[in-house]
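Welcome! Take a moment to look over the sequence and the structure, and then we can walk through a few places together.

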Amino acid sequence: MKHFIIALIKYLTNHFIQHIPSYTLRNLWYRRILGWSVASQVTIMMGQHIQTTGIREAGKGVSIGQGSVINWDCMLYITGGLHIGKQVSISAGTWLITGSHEMNNPAFPAVYKPIFIDDFAWIGMRATILPGVTVGRGAVVMAGAVVSRNVPPYAVVGGIPAREITQRQLTDLSYQMDYRPLFE
C-alpha cells in the first residue's frame with residue numbers, strides 16, 4: 001500500500017499539481033505533501049517534472065530560498081538533495097540531476113549526491129547540473145552548459161563539459177527578484 005501511495009503522490013505532482021495555475025496551491029503541495037522547505041516569495045512555474053524515490057524523506061533534502069525562481073519545464077531529480085539559495089534564477093528547461101549509477105559495479109547501484117546552488121546564481125536555459133555540484137554565489141551557468149564540477153563564486157561557465165569563460169563583474173549583488181506572472 002505504501003508504494004501505491006508514493007506512486008500516486010508522484011503521479012499527482014507531475015501530472016496534476018504542476019498544471020495548476022496557482023503558486024500558492026503548488027507551493028502548499030511542495031511544503032505539506034512533499035516536505036520541502038520553500039521560503040516565501042518563491043516562484044516555481046508550471047510544468048516541472050519532479051523525480052524522487054520517496055516523498056517526505058527525500059523532500060527533507062530540498063530547500064529553496066527567499067525570492068528564487070524556477071522557470072517552466074525543468075527536471076528536478078531531487079533524491080540526492082537540492083539546496084537552492086535566495087534570489088536564484090533557474091531558467092526554463094534546466095535539469096538538476098542528483099542521482100546516477102555506479103557504472104563499474106556489477107550490481108549497478110544508484111548513487112545520490114546533493115546539488116547546492118548559492119545565493120544570486122543564474123542558471124541559463126536548458127543547462128544541466130550533475131550530482132554533487134556546488135554552484136557558487138553569484139555564478140552564472142550559460143545556456144546549454146553541462147556542469148559536472150563545482151563552479152566558483154561569480155564565475156561564468158559554459159560548454160560541454162562546462163568550463164570557466166569569464167568572471168561576473170558585479171559582485172555586490174542585492175537585487176530582489178519579484179517574478180510571479182499570472183497563470184504560470
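## A contact at Q18

In this predicted model, the side chains of Q18 and Y30 make a polar contact of 3.0 Å. Q18 sits in the loop that runs between α1 (2–15) and α2 (23–32).

Is Q18 buried or exposed? With a relative accessible area of 0%, Q18 is buried. Leaving aside neighbours within four places in sequence, its contacts include T13, R26, M45, G47 and I50, along with Y30.

## Two aromatic pairs

Y30 also leads us to the next topic. How many aromatic pairs does a search of the whole structure find? There are two. In one of them, the ring centres of Y30 and W36 are 4.8 Å apart and the planes meet at 15 degrees, so this pair is stacked. Y30 and W36 are both buried.

F120 and Y175 make an edge-to-face pair, with 5.0 Å from centre to centre and 85 degrees between the planes. F120 belongs to the loop between β12 (115–117) and β13 (122–123), while Y175 is in the segment after β19 (163–167), so the pair ties together parts 55 residues apart in sequence. F120 is buried at 3% relative accessible area, whereas Y175 is partly exposed at 31%.

## A parallel sheet

Finally, look for the open sheet of five strands, which pair in parallel in the order β3-β6-β9-β14-β17. The edges are β3 (49–51) and β17 (146–147); each has a single partner strand, so one side of each has no neighbour in the sheet.

β3 pairs with β6 (residues 75–77) in the parallel sense over three bridges. Within β6, M75 is the bridge partner of H49.

Note on methods
Residues numbered from 1 in each chain as written. Predicted model: local features only at pLDDT ≥ 70, side-chain atom pairs only at ≥ 80, totals over all residues. Heavy atoms only, no water. Pairing = 2+ DSSP bridges. Helix = DSSP H or I, 4+ residues; strand = E, 2+ residues; numbered from the N terminus. Buried < 20%, exposed > 50% of the residue type's maximum accessible area, 1.4 Å probe, protein only. Polar contact = N/O pair within 3.5 Å; in protein donor to acceptor, adjacent residues only side chain to side chain. Contact = heavy atoms within 4.5 Å. Phe/Tyr/Trp six-rings, centres within 6.5 Å; stacked < 30°, edge-to-face > 60°.
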